[in-house]
Amino acid sequence: MANKSDLPTLKWGIVGCGTISSRFVSDLCLGRPDATTKHVIEAVGSSSMDKASAFVAEHCPAQKPALYDSYEALYNHVSVDIVYIGTPHVLHCENALGAIAAGKHVLCEKPFALNALETRRMIDAARAKGVFLMEGSQVSPLSTSTILKCLIAVWTRFFPVAKKFQSLLHDEKAIGDIASVFVDFGLYMPISIADPTRRTASRALGAGALLDLGIYTLTWASLALDTALSSRHPNVVASMAFASETNPDKKVDEFTSVVLQYPDLKAHAICTSSLLYKSAEEFAHVYGSKGSISVGGHMASRPQYLVVRLNGEEERRLDFNVPGFGFYYEADAVGADIRAGRLENRTCSLDSTLAIMSRMDNARVQCGLTYPQEE
Ligand SMILES: NC(=O)C1=CN([C@@H]2O[C@H](COP(=O)(O)OP(=O)(O)OC[C@H]3O[C@@H](n4cnc5c(N)ncnc54)[C@H](OP(=O)(O)O)[C@@H]3O)[C@@H](O)[C@H]2O)C=CC1
Ligand SMILES: O=C1OC[C@@H](O)[C@H](O)[C@H]1O
């Protein structure tokens with residue numbers, strides 16, 4: 001085990017002291033024998049100094065970050081290497097552009113932006129400035145040789161369980177030719193009973209099942225089916241149910257179904273996301289000519305095990321232990337990229353972020369879902 005002080009250091013500036021930032025920093029502070037980077041919380045930016053200081057006291061008490069009551073001041077903190085953006089979706093583009101303008105690398109939470117237009121602006125700005133940019137993405141590292149360019153989004157992709165999922169499907173071809181993928185991510189948080197000021201209920205803050213949860217279902221489908229350049233543009237067919245059709249503030253999707261059709265592969269994926277129920281522990285199923293692989297876990301964003309069911313054989317369950325939440329997988333990967341001078345990550349390329357975002361845009365156009373920022 002490397003002594004933590006011998007590891008190369010990455011200094012983080014945290015933007016926003018909400019739920020996900022708290023999980024991210026507490027994961028970075030975990031003692032891990034396999035860590036490849038020493039993560040330092042160098043600065044924290046919040047709407048208030050009191051909130052920033054309470055955040056540090058609770059989630060990273062052993063660190064001594066500079067505290068700011070403005071995000072702009074944090075972007076300009078000289079010794080911050082990389083800014084982590086943990087604000088509501090609708091602010092991601094503005095926050096990322098601010099950090100990039102200050103010359104900082106950026107790791108931005110999912111969904112990367114509200115739409116593909118914003119995504120493109122963020123990518124262009126990072127490339128023009130020569131800084132690293134990635135969507136916070138928790139599925140796992142891709143080592144598989146068969147996947148040309150992976151179209152996955154979201155932190156979940158860095159989990160070892162997601163890596164195994166891909167190698168079983170694509171390197172070992174364990175279930176033969178893939179024909180169907182079913183992914184469901186539901187959490188019980190109906191708009192009708194939620195606090196209307198929260199990002200999970202407020203249309204002005206980007207609420208809705210697709211952008212919040214559906215992005216993971218599209219990610220798992222992508223892990224299974226985006227295996228060749230020819231499959232990068234599946235046909236997208238979508239339907240949505242809104243919290244209200246008549247109240248514009250509540251025209252937020254509480255249930256979204258997306259069908260991805262891959263004519264070249266003779267395969268399809270059905271991805272459902274909902275705010276009306278908690279989905280089953282086994283949330284994804286991939287069926288092929290020789291059997292199926294299912295993925296289970298706490299939720300679709302935090303996978304923990306695979307169940308392999310091959311025709312005529314006993315089922316096999318593979319469990320993966322994930323200490324904390326699992327954000328250190330992506331954080332270590334980002335550290336390695338920045339040390340190597342890479343401006344994007346291979347597991348979570350900017351092309352892949354853009355592709356998933358475009359699929360979500362397509363689904364929203366079909367169903368008439370817009371956000372105030374787009375009107
Ligand atoms: N990867 C994952 O598993 C998860 C990712 N997420 C993503 O992270 C992002 C943040 O989600 P979450 O942490 O749950 O959200 P929270 O509402 O808990 O926190 C968001 C923080 O953003 C800041 N903020 C800035 N402007 C606003 C505003 N107008 N309204 C509300 N907050 C504002 C606030 O911090 P301050 O006051 O300190 O400035 C706030 O605490 C979302 O985009 C979400 O999709 C969320 C959950 C899980
Ligand atoms: O990314 C997420 O995953 C889990 C949910 O709690 C949350 O609403 C969502 O943002």
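The model is predicted, with pLDDT of at least 70 needed for local features and 80 or more for side-chain atom pairs, while totals for chains, interfaces and linings use all residues. Residues are numbered from 1 along each chain as its sequence is written, chains are lettered from A and ligands numbered from 1 in the order in which they are written, and side-chain values use heavy atoms, without hydrogens and water.

Ligand 2 is surrounded by Lys 110, Leu 187, Met 189, Arg 199, Asp 212, Tyr 216, Met 299 and Ser 301, where a residue is near a molecule or strand if one of its heavy atoms lies within 4 Å of it. This shell consists of four nonpolar, one polar and three charged residues; Ala, Val, Leu, Ile, Met, Phe, Trp, Tyr, Cys and Pro count as nonpolar, Asp, Glu, Lys and Arg as charged, and the others, Gly among them, as polar. A side-chain N or O atom of Lys 110 is 2.8 Å from an oxygen atom of ligand 2, and for Arg 199 the corresponding distance is 3.0 Å.

Lys 110 is also joined to Pro 111 by a cis peptide bond, with omega about -20°. Pro 111 belongs to the loop between strand 5 (105-108) and helix 5 (116-129); helices (H or I, at least four residues) and strands (E, at least two) are DSSP runs, numbered from the N terminus.

Around ligand 1 there are 26 residues, of which Ser 46, Ser 47, Lys 51, Tyr 71 and Lys 110 come nearest. Oxygen atoms of ligand 1 lie 2.6 Å from a polar side-chain atom of Ser 46, 2.5 Å from a side-chain N or O atom of Ser 47 and 2.7 Å from one of Lys 51. On its own, ligand 1 has 890 Å² of accessible area, and the protein covers 83% of it. Helix 1 (19-28) and helix 7 (209-225) are the elements that give two or more residues to the shell of ligand 1. By class, that shell has 10 nonpolar, 10 polar and six charged residues.

The chain is divided into domain 1 (4-155) and domain 2 (160-321), with bounds from an automatic or database domain assignment. The centres of the two domains, taken over C-alpha atoms, are separated by 25 Å. Ligand 1 lies between domain 1 and domain 2, because both give residues to the shell around it.

Elsewhere, Lys 173 has a positive phi of about 50° although it is not a glycine. Lys 173 is found in the loop between helix 6 (160-171) and strand 7 (178-186).

Definitions and conventions: A polar contact is a pair of N or O atoms within 3.5 Å; within protein, one must be able to donate a hydrogen and the other to accept it, and residues adjacent in sequence count only if both atoms are side-chain atoms. Accessible areas come from the Shrake-Rupley method with a 1.4 Å probe; for residues, only the protein chains shown count as cover.
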